[in-house]
Amino acid sequence: MKKDNLIGLEFFIEKYAGSLNREAIIKEDILRQGISFDKINEKGNFSSKSYFIFSFNIDNDDDIINQRYPEEVAVMNGPYNLKRTVISVRINKSSPYKIKFDQLSEEYRLYLDDSFIGDVAFSPERSYMLKKTDSGKSVRDVAPTIEWGYLIYLAVFRMCQYFENDDECAFCDMNSNYVNQRKSNKGYSAVKSVEDIVSALSVIESSDDSEAGAYTLTGGSIIDDIKFKGDTEIDFYVKFLEAIEERFRGRWISKVVVQAHTPKNLKRLKDAGAHIYHTNFEVWDKNLFEKICPGKSKFIGRDEWIKRIADSASIFGECGVIPNFVAGVELSKPFGFDNVDDAINSTAEGLEFFMSKKIIPRYTTWCPEKTSRLGKFGNSPAPLEYYVKLLIKWHELHYKYNLPIPEGYGAAGAGKAEFSVSAFMDAF
Ligand code: SF4
């Protein structure tokens, strides 16, 4: 007999069969609820979770942190004849999605409760991940790759200053993730040096098995009035960009994720080599932005934040600005909407505002980490209905404004997409 989780999933697959591929729907359902593992061979040849910026785990107990898990899995075949679908691994011990090792075939398989969903492959280990920088640091810690090796993730400042007065974004666990990771990995650094980044990139560049096409340079916020060792946020990132682009210009698409800055500051980023500017508006609704993003509200303000995103198109060009939002927090307790349609209508207003200006927002499927403030409120994931409606609305508006596939996200479409933290690229 089919269990409720499977009945719910198949309801959406059948209802939206004409407008959404099943890979995108299943991927969103897995991302929102996370995955549990029945048994895992820790010595297996796979690329393990690097905890590149946030934990992206619903559970973060010591037994989870001390265990090796794959960064991503690809799910394929099975009763839905799935094309290969790349999904970020988010550990949730009580998720209905479980990966089990099949003794007969000696392969991993994904189940929803007791129902087989598909065969599983783990993200492959790359030779460069096991190498060291000139200063002896692990390349995996300094410059991990995600999205099946497509994106080099350079989180160079893994402590956000918004946490200092409890002004952090309510969905964010950056600082507690850093503290947790330090317990088991003394090489997990809060601040990376320009020299280590350049050295790690040299290792990646010269590796035969690198398929990286882009890098993201990012970190927690540096507040202009506080600074970090005398540097403003722009001073800090420009040093990295200049060093990377001087050595590797044109080798990878450069993407920078920082706060919303004035055109004068953005010009400095652009001149230093930034190609795509990501500044994240996180949640569109005014009231929710103030409640969920108190640091952004306090130090910059929502109206100014949005104005700066819009203005940044004049520096980075149409489609060179890609702001992120955390899809699903609109429905979080205690401040969020109490129904899916109000949440979608609100977010659709923001999507249309940006897309009408040729700015293409993208999203990360919310992972309610228990170590974030929203996690401590006891939040559960947003429902699958929300993610299905969001995918449809996003693509409807993207089509309406005749926009291109966003640059720097690898391939698009079912069976091809590598972007692993939401399904908007799978749904093309
Ligand atoms: S700006 Fe918000 S989401 Fe980004 S690191 Fe700081 S608290 Fe986290």
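## Two domains

The protein chain is divided into domain 1 (4–122) and domain 2 (127–400), with bounds that come from an automatic or database domain assignment. This is a predicted model, in which local features need pLDDT of at least 70 and side-chain atom pairs count only at pLDDT 80 or more, while totals for chains, interfaces and linings use all residues. Residues are numbered from 1 along each chain as its sequence is written.

The centres of domain 1 and domain 2, taken over C-alpha atoms, are separated by 24 Å. Across the boundary, 31 residues of domain 1 are in contact with 31 residues of domain 2, where contact means that the C-beta atoms of two residues, placed from the backbone, lie within 7 Å. On the side of domain 1 that touches domain 2, α2 (22–33) gives the most, with 7 residues; helices here are DSSP runs of H or I with at least four residues, strands are runs of E with at least two, and both are numbered from the N terminus.

## The nonpolar core

A nonpolar core is a set of buried Ala, Val, Leu, Ile, Met, Phe, Trp, Tyr and Cys residues joined through C-beta atoms within 7 Å. A residue counts as buried if 20 or more other C-beta atoms lie within 10 Å of its own, as exposed if 12 or fewer do, and as partly exposed in between, with C-beta atoms placed from the backbone. Of the 127 residues in the largest core, L269 and L391 touch the most other members. Helix α14 (residues 384–400) provides the largest share, 7 residues, and the core draws at least three residues from each of domain 1 and domain 2.

Leaving aside residues up to four places away in sequence, L391 touches L20, A24, A423, F424 and A427.

## An open sheet

Five strands form an open sheet with mixed pairing, in the order β7-β8-β9-β10-β11, and two strands pair if DSSP finds at least two bridges between them. Because β7 (145–146) and β11 (276–278) stand at the edges with a single partner strand each, one side of each is left without a neighbour in the sheet. Further in, β9 (residues 214–219) and β10 (residues 253–257) run parallel and are joined by 5 bridges, and T216 stands opposite K255 in β10.

## F163 in its loop

F163 lies in the loop between β8 (151–157) and α5 (174–184), and F163 is partly exposed because 18 other C-beta atoms are within 10 Å. Not counting residues up to four places away in sequence, F163 touches E168 and N175. F163 and G220 are 57 residues apart in sequence, yet 9.5 Å apart in space, C-alpha to C-alpha.
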